[in-house]
Amino acid sequence: MEIEKDIPIPDKQGKRTKYDIPLSEMKVGDHVKIAVQRVAIKAEAKLIRNQILRYKYKNPKTDFTVRALESGVGIWRIK
């Protein structure tokens, strides 16, 4: 093995999110509905909640609520 110097570290390439939710563009009171098959609503709502938690970790002054709807998942910005 050879030791090399001054090699830049590549950027992290984390797992891509399943839904491209415009959380940074939402204002208080805004709502986004994601259409999901009825049998998958609970599982998809959990994925969306996790995505929002990661966003809130970087943006602690924001808050959202997620609700299962009859034909999908609803996201509201509340703070």
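The following legends describe close-up views of a predicted model of one protein chain.

Residues are numbered from 1 along each chain as its sequence is written, and side-chain values use heavy atoms, with hydrogens and water left out. Because the model is predicted, local features need pLDDT of at least 70 and side-chain atom pairs count only at pLDDT 80 or more, whereas totals for chains, interfaces and linings use all residues.

View 1. The protein chain contains one helix and three strands; helices (H or I, at least four residues) and strands (E, at least two) are DSSP runs, numbered from the N terminus. Its C-alpha atoms fill a box of roughly 60 × 30 × 15 Å along the principal axes. The radius of gyration is 18 Å, while a compact globule of 79 residues would have a value near 12 Å; the radius is taken over C-alpha atoms, and the globule rule is 2.2 Å times the number of residues to the power 0.38. Of the 79 residues, 29% count as buried; buried means under 20% relative accessible area, exposed over 50%, and partly exposed in between, with a 1.4 Å probe and protein chains only. The mean pLDDT, the predictor's confidence in each residue from 0 to 100, is 92 for the chain, and 100% of the residues reach 70 or more. Among the elements, H1 has the lowest mean pLDDT (94) and S3 the highest (96).

**View 2. The largest nonpolar core has 16 residues.** Such a core is a set of buried Ala, Val, Leu, Ile, Met, Phe, Trp, Tyr and Cys residues joined through side-chain atoms within 4.5 Å. Ile 34, Ile 48 and Ile 75 have the most contacts inside this core. At least two core residues come from each of strand S1 (31-35), helix H1 (41-58), strand S2 (64-69) and strand S3 (72-77). Helix H1 gives the largest share, five residues.

**View 3. Ile 34 and its surroundings are shown.** Contact means heavy atoms within 4.5 Å. Leaving aside neighbours within four places in sequence, Ile 34 touches Tyr 19, Ile 21, Ile 48, Ser 71, Gly 72, Val 73 and Ile 75.

**View 4. Strands S2 and S3 pair in the antiparallel sense over six bridges.** Two strands pair if DSSP finds at least two bridges between them. A hairpin connects S2 to S3 through two residues. Ala 68 has Val 73 in S3 as its bridge partner.

**View 5. Glu 44 forms a salt bridge with Lys 18.** A salt bridge is a side-chain nitrogen of Lys or Arg within 4 Å of a carboxyl oxygen of Asp or Glu. In this pair, the closest N and O atoms are 3.2 Å apart. Glu 44 lies in helix H1 and Lys 18 in the segment before S1, so that the pair links distant parts of the chain, 26 residues apart. Glu 44 is buried, with a relative accessible area of 10%, whereas Lys 18 is exposed, at 58%. Leaving aside neighbours within four places in sequence, Glu 44 is in contact with Lys 18, Tyr 19 and Val 36.

**View 6. Lys 56 and Asp 63 meet through their side chains in a salt bridge.** The N to O distance is 2.7 Å. Lys 56 is partly exposed, with a relative accessible area of 24%, and Asp 63 is partly exposed, with 22%. The structure holds two salt bridges.
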